[in-house]
Amino acid sequence: MATGDRVLVGEKGSDYGLWVSKPGGDVLSDADVDLLFSSENAGGIGQILLFQQVDIPANSTTTQNYNNRGGGKTFFYWWSGSSASYAAGAQFLTSAAITCSNNYVNATTNQIVAVNGLNSSASLTVLVINKAAA
Amino acid sequence: MVDRVLLGKNTNSNLGYSSESPGYGLWVSEDGVNVESATEAQLLYRTDIADSTSGVVSANGAIMGVKYRGYTAVTTDAGGTVALTVVKSWPKTDFTVGGTVYTPLCLAQMGKTGGAATTQYGGGWHASSGGGIKAGMLYFVNTNYSSTHSALLCQLPASGLASTTHRIYYAICYPAI
């Protein structure tokens, strides 16, 4: 199993922060690309804020607000289908009548807007990651 | 030099804490920012994410943990099609909590060319408005693929990639919903 140091809190070279290496790695010498966690990731760590189902009645729009953690821009992805059975690309293939967007509202709130132009209800599965967008 | 890592008691008022009502956990600030006075937008990592907004099922800032990763090779027929194919299956027990079977976060992408392609199509199937360009694959996550297993499946509609073998790369991850 691990032969090197795994967790470093404090000084590493000219930097100060927190680093965690993979099993078998050495946090003192491994490059960032080999680490499980590095506080040198200037863009953030990519923490997941939401991963959930959003339901939209037929010919309707569903909005879902969420806390954007201080106005940080978030990465957003959606799949068609419920959380138990979601699909990538399928809705793009079968219909352009469902759209989903991620919108900045203010310094504390972002909003997911899901529009269903179909004559039947629909479900989406949505993923939002903190500070992962430019 | 500033303090960048706080492990334990946090009284940072910019995060809504005080000496009378502190938070406990781990916080890491951006380079050059004192973690003890950082604003929300200046944090790289924190363990106190919660969202009580109506309708939100908070993931609490979980980091994506990869349970399985790898690839499965699929071969298109002469028409560039691959029927619905299992890319990866896993025991339902992997993501069962308290008797409920949850669905993991699944990502997949397809090698643009055969074999160990260095260029990938993003997850999803794409077509030009004129129908001339068709690329990538559909992928489906099915929690109840069988009585014992969940699965990630892929399908290629008429892709224009006739009789070639492509790798479908996948990552089956935490968190699950």
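**Figure 1. Chain B is built from strands in this predicted model.** Chain B holds 14 strands and zero helices. Read from the N terminus, its elements run β-β-β-β-β-β-β-β-β-β-β-β-β-β. Of the contacts in chain B that join residues at least 6 apart in sequence, 60% link residues at least 24 apart.

**Figure 2. Overall dimensions and burial of chain B.** The C-alpha atoms occupy a box of roughly 70 × 40 × 30 Å along the principal axes. Chain B has a radius of gyration of 22 Å. For a compact globule of 177 residues, the value would be near 16 Å. Buried residues account for 33% of the 177 residues in chain B.

**Figure 3. The contact between chain A and chain B, seen from the side of chain A.** Chain A contributes 37 residues to the contact, and chain B contributes 38 residues. On the side of chain A, five elements are labelled, each giving two or more residues: strand 2 (15-21), strand 4 (48-56), strand 5 (60-67), strand 7 (85-88) and helix 1 (90-94). Strand 4 of chain A supplies the largest share, six residues. By residue type, this side of chain A comprises 18 nonpolar, 18 polar and one charged.

**Figure 4. Strand pairing across the two chains.** Strand 4 of chain A pairs with strand 4 of chain B, residues 58-62. The sense is antiparallel, and the pairing runs over two bridges. In one bridge, Ile48(A) is partnered by Ala62(B) of strand 4 of chain B.

**Figure 5. Two domains in chain A.** Domain 1 of chain A covers residues 7-38, and domain 2 of chain A covers residues 48-129. Their centres, taken over C-alpha atoms, are 36 Å apart.

**Figure 6. Confidence along chain A.** The mean pLDDT of chain A is 85. A score of at least 70 is reached by 90% of the residues. Strand 5 of chain A has the highest confidence, at 96. Helix 1 of chain A has the lowest, at a mean of 54. Both elements give two or more residues to the side of chain A that touches chain B.

Terms used:
Residues numbered from 1 in each chain as written. Chains lettered and ligands numbered in written order. Predicted model: local features only at pLDDT ≥ 70, side-chain atom pairs only at ≥ 80, totals over all residues. Contact = placed C-beta atoms within 7 Å. Helix = DSSP H or I, 4+ residues; strand = E, 2+ residues; numbered from the N terminus. Nonpolar A, V, L, I, M, F, W, Y, C, P; charged D, E, K, R; others polar. Pairing = 2+ DSSP bridges. Domains from an automatic or database assignment. Rg over C-alpha atoms; globule rule 2.2 N^0.38 Å. Buried ≥ 20, exposed ≤ 12 C-beta atoms within 10 Å, placed from the backbone. pLDDT = per-residue confidence, 0-100.
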